[in-house]
Amino acid sequence: MKKKTIASLQKMKHEGEKITALTAYDASFAKLFDDAGVEVILIGDSLGMVLHGSDDTLGVTVADIAYHTRAVRAGAKHALVIADMPFMSYATPETAYLEAGKLMASGASMVKLEGGEWLSETIRGLVQRGVPVCGHIGLTPQSVHVFGGFKVQGRDDKQALALIQSAQALESAGAQLLVIECVPTELGKRIAQAVSIPVIGIGAGVHCDGQILVMHDMLGVSANYMPKFSKNYLAESADIPSAVAQFVAEVKSGQFPDAAHSFE
């Protein structure tokens, strides 16, 4: 297998090949996912919920993400490794530059930030300083208290247009990848068509350029709850490698997500 890069993901979008992505937090699972052909591995601040047992992601620190990034990098030899920037670690551009540097030094190939057009200056500065950026719009878990809970976004025309404009603004600022979370299927399609960078969905419908799940959700072992958009692949498989292989196959074929795991 060849090492995955931003350029290879861009080529996949252009050729219509779906991108597979999973979160991981240690070397063993990172290697398992890497060997299965998963193209992107994210060290998500979801670790606050699935590893720490918190109700949200807000207590996760840059040190937490850096620690798990080093572990994942040790196991992932081919996948593109992305590290989440935790809550308030990019409150100002200057703060973002310093904290992103720590994550890149820990082995990340890209950092992910949650938010819309207001992040443009920060993204430009990061890219100018050699830090590739993945944006994240829609339901952004670090803003859960602003949203009043984990709620589907973009269901009315005004919200939908704002999310499309946010995606375009992030691309213009230099983001090279985009995650969209918890939006209706048709809006996921519109966003993927509105930008030239790869769009990876989580609860955003089958028309995105790829799909990502939290590994604990995908294996049905999350401590708190199972999101509607997730699927327990271990329930249908003999073992964990088979579950991962099934996830990859269903994303590649367009079988996942189906209507039962999407929002209309």
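## Aromatic pairs

Counting ring pairs in this predicted model gives 5 aromatic pairs. Here, rings of Phe, Tyr and Trp (its six-membered ring) pair if their centres lie within 6.5 Å, and planes under 30 degrees apart count as stacked, over 60 as edge-to-face and the rest as tilted.

One of these is Tyr233 with Phe247: the ring centres are 5.7 Å apart and the planes stand at 80°, so this pair is edge-to-face. Tyr233 sits in the loop between α10 (215–218) and α11 (240–253), while Phe247 belongs to helix α11, so the contact ties together parts 14 residues apart in sequence. Helices (H or I, at least four residues) are DSSP runs, numbered from the N terminus.

## A cluster around Tyr233

Tyr233 also pairs with Phe256: with centres 5.8 Å apart and planes at 75°, this pair is edge-to-face, too. It links distant parts of the chain, as Phe256 lies in the segment after α11, 23 residues from Tyr233. Together, Tyr233, Phe247 and Phe256 make up one aromatic cluster.

## A charge over a ring

Elsewhere, the charged end of Arg129 sits over the ring of Tyr97, 4.0 Å from its centre. That label requires NZ of Lys or CZ of Arg within 6 Å of the ring centre and within 35 degrees of the ring normal.

## Notes on the model

This is a predicted model, where local features need pLDDT of at least 70 and side-chain atom pairs count only at pLDDT 80 or more, while totals for chains, interfaces and linings use all residues. Residues are numbered from 1 along each chain as its sequence is written, and side-chain values use heavy atoms, leaving out hydrogens and water.

Technical notes: Helices (H or I, at least four residues) and strands (E, at least two) are DSSP runs, numbered from the N terminus.
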